[in-house]
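Please look over the sequence and the model before reading on.

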Amino acid sequence: MTRVTVAYGDGIGPEIMEATLQILKAAGAKIEIDKIDVGEKVYLAGNTSGIAPESWDIIRRNKVFLKAPITTPQGGGYKSLNVTTRKFLGLYANVRPCKSLFPFVSTKHPKMDVVVVRENEEDLYAGIEHQQTDEVIQCLKLISRPGCEKIVRYAFEYARQQGRKKVTCFTKDNIMKQTDGLFHRVFDEISKEYPDIENEHWIVDIGAAKLADTPEAFDVVVMPNLYGDVLSDVAAQIAGSVGLAGSANIGEECAMFEAIHGSAPRRAGQNLANPSGLLQGAIMMLNHIGQADVAEKVQNAWLKTIEDGIHTYDIYKEGVSTDKVGTKEFAQTVIKNLGKKPASLQPVEYAKNTSLVLPKYKRAKPAIKVLEGVDVFVHWAGTKPSELAERIKKVETNDIRLSMITNRGIKVWPDGFSETFCTDHWRCRFKAGPDTKMTKLAIIQLLTVADKLGIDTIKTENLYSFNGQQGYSMGQGQ
Ligand code: NAD
């Protein structure tokens with residue numbers, strides 16, 4: 001028996017959870033359930049995180065969490081429980097299989113069978129944002145080596161375990177050479193450990209276009225958080241419906257399983273909702289807890305039900321479907337089909353003991369880190385970069401010199417273009433000469449002088465090299 005934490009959620013949540021649990025029980029799943037309350041009720045009771053502290057204890061003790069969709073009330077400072085759960089529990093891998101069920105569910109892509117593996121904890125989703133000048137707001141994009149290594153390794157291990165042939169990586173490293181560059185570099189490093197699996201990299205824009213147009217060209221696709229968020233919805237939608245897809249959120253210790261859709265409040269309480277998305281999440285959960293035989297039985301019964309045309313309203317189509325049913329009737333039909341296999345759709349055969357939890361990340365030896373300079377960001381409402389340069393050069397000390405000024409990344413001094421539009425947010429790069437050692441104290445002195453001269457410095461970024469490799473980007477046009 002495995003103890004599983006279950007949250008019934010909001011809107012259609014309770015109905016689809018009830019249907020899912022009935023199917024699991026009838027299939028002989030060896031699970032014991034601890035029910036917790038999350039979502040709207042908890043939010044409106046004044047808890048802005050949507051979950052009570054005691055519920056965290058249960059989730060952390062059981063380590064396996066099956067969650068129905070919840071409603072996040074608009075405004076009022078309510079935090080998304082989904083994002084909090086992923087980050088609190090370190091659920092770094094979001095795995096979303098998107099397979100078409102043609103001709104039983106209509107899709108333009110009958111041969112599609114893609115698994116999107118999305119990094120789940122970092123990237124722009126760190127949510128660190130600051131307004132720095134009248135005109136400019138910044139959001140920090142954080143990409144870490146452990147984050148990249150864990151997700152890329154997960155994608156390859158998943159591909160190997162599932163007998164898949166290829167892992168594709170999407171990044172935008174032609175522009176973000178440091179952050180996306182690291183993701184791509186780690187992908188290249190780790191792919192070498194999996195010679196049995198094909199690997200390729202696409203720039204995300206053309207990769208996304210190809211995925212939307214010819215999804216059968218892809219197998220497993222791994223990507224940073226933001227691209228994964230967008231493209232996993234695209235993949236689920238073009239496979240047939242977002243209502244049919246489930247997802248797994250996997251960490252080193254805990255895992256959470258869910259449908260990808262929301263709580264569809266307008267459909268709630270009417271026995272209308274399709275429980276398939278949550279059921280798909282539950283099937284991934286059964287595989288995760290080593291009950292692959294039960295997972296297989298449920299999935300084949302579900303495929304048979306879809307194939308027989310027993311459809312809820314969202315996928316019902318005249319001429320293809322045979323019966324339009326409600327949530328409960330759909331679940332009853334899946335239960336009746338337990339032990340049967342689909343005739344046209346490919347039945348599944350899961351490897352036994354398919355739990356896939358990777359070893360804990362081991363931190364690498366620290367690199368030799370050398371401070372080479374500093375970018376000082378300045379709030380200045382002028383328009384002529386040469387004027388700013390003249391003022392800023394007064395800050396120069398000893399051999400620490402102004403080497404360039406950029407505006408929104410593009411170099412505007414020296415040798416800028418008069419056509420370049422400039423905001424009030426300027427980056428002034430100072431670098432130490434070859435015979436000068438750059439120090440933190442030198443930066444502080446630089447800022448002190450700037451302050452005395454009335455220059456509005458808003459932040460600094462230190463420029464480092466790591467093991468001799470430059471750890472910062474050049475100015476565009478530099
Ligand atoms: P939604 O996914 O709830 O609904 C979008 C559309 O899809 C609706 O028209 C609905 O009728 C249909 N639909 C969704 N699931 C269905 C199902 N199982 N069967 C049949 N039809 C289904 O998205 P939304 O309307 O943007 O969001 C509603 C609420 O859900 C919001 O409060 C949002 O914050 C929340 N939400 C929660 C999660 C989650 O808990 N994981 C995810 C997304 C959205």
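Are Phe156 and Tyr194 buried or exposed? Both Phe156 and Tyr194 are buried in this model, which is a predicted one.

## Domains

The protein is divided into three parts: domain 1 (1-87 + 240-358), domain 2 (108-239) and domain 3 (369-470). Taken over C-alpha atoms, the centres of domain 1 and domain 3 are separated by 53 Å.

## Aromatic pairs

The structure holds 9 aromatic pairs. One of them joins Phe156 and Tyr194, whose ring centres are 5.0 Å apart. The planes of these two rings meet at 20 degrees, so the pair counts as stacked, the cut-off being under 30 degrees. This pair links distant parts of the chain, 38 residues apart. Phe156 belongs to helix 5 (residues 145-161), whereas Tyr194 lies in the loop between helix 6 (179-191) and strand 9 (198-203).

Elsewhere, Tyr92, Tyr154 and Tyr158 form one aromatic cluster.

## Helix 6

Helix 6 has 13 residues, which at 1.5 Å a residue should span 18 Å; its end C-alpha atoms are 19 Å apart, so the two values agree.

Buried residues of helix 6 include Leu182, Phe183, Val186, Phe187 and Ile190. Asp180 and His184 are also among the buried residues. The buried residues of this helix pack against helix 5, strand 8 (166-171), strand 9, strand 10 (220-223) and helix 8 (225-239).

## Charges over rings

The charged end of Lys369 sits over the ring of Tyr464, 4.4 Å from the ring centre. Lys459 lies over the face of Phe377, with 4.7 Å to the ring centre.

Conventions:
Residues are numbered from 1 along each chain as its sequence is written. This is a predicted model: local features need pLDDT of at least 70, side-chain atom pairs count only at pLDDT 80 or more; totals for chains, interfaces and linings use all residues. Side-chain values use heavy atoms; hydrogens and water are left out. Rings of Phe, Tyr and Trp (its six-membered ring) pair if their centres lie within 6.5 Å; planes under 30 degrees apart count as stacked, over 60 as edge-to-face and the rest as tilted. Helices (H or I, at least four residues) and strands (E, at least two) are DSSP runs, numbered from the N terminus. Buried means under 20% relative accessible area, exposed over 50%, partly exposed in between (1.4 Å probe, protein chains only). A charge sits over a ring if NZ of Lys or CZ of Arg is within 6 Å of the ring centre and within 35 degrees of the ring normal. Domain bounds come from an automatic or database domain assignment. The expected span of a helix is 1.5 Å times one less than its number of residues. Contact means heavy atoms within 4.5 Å.
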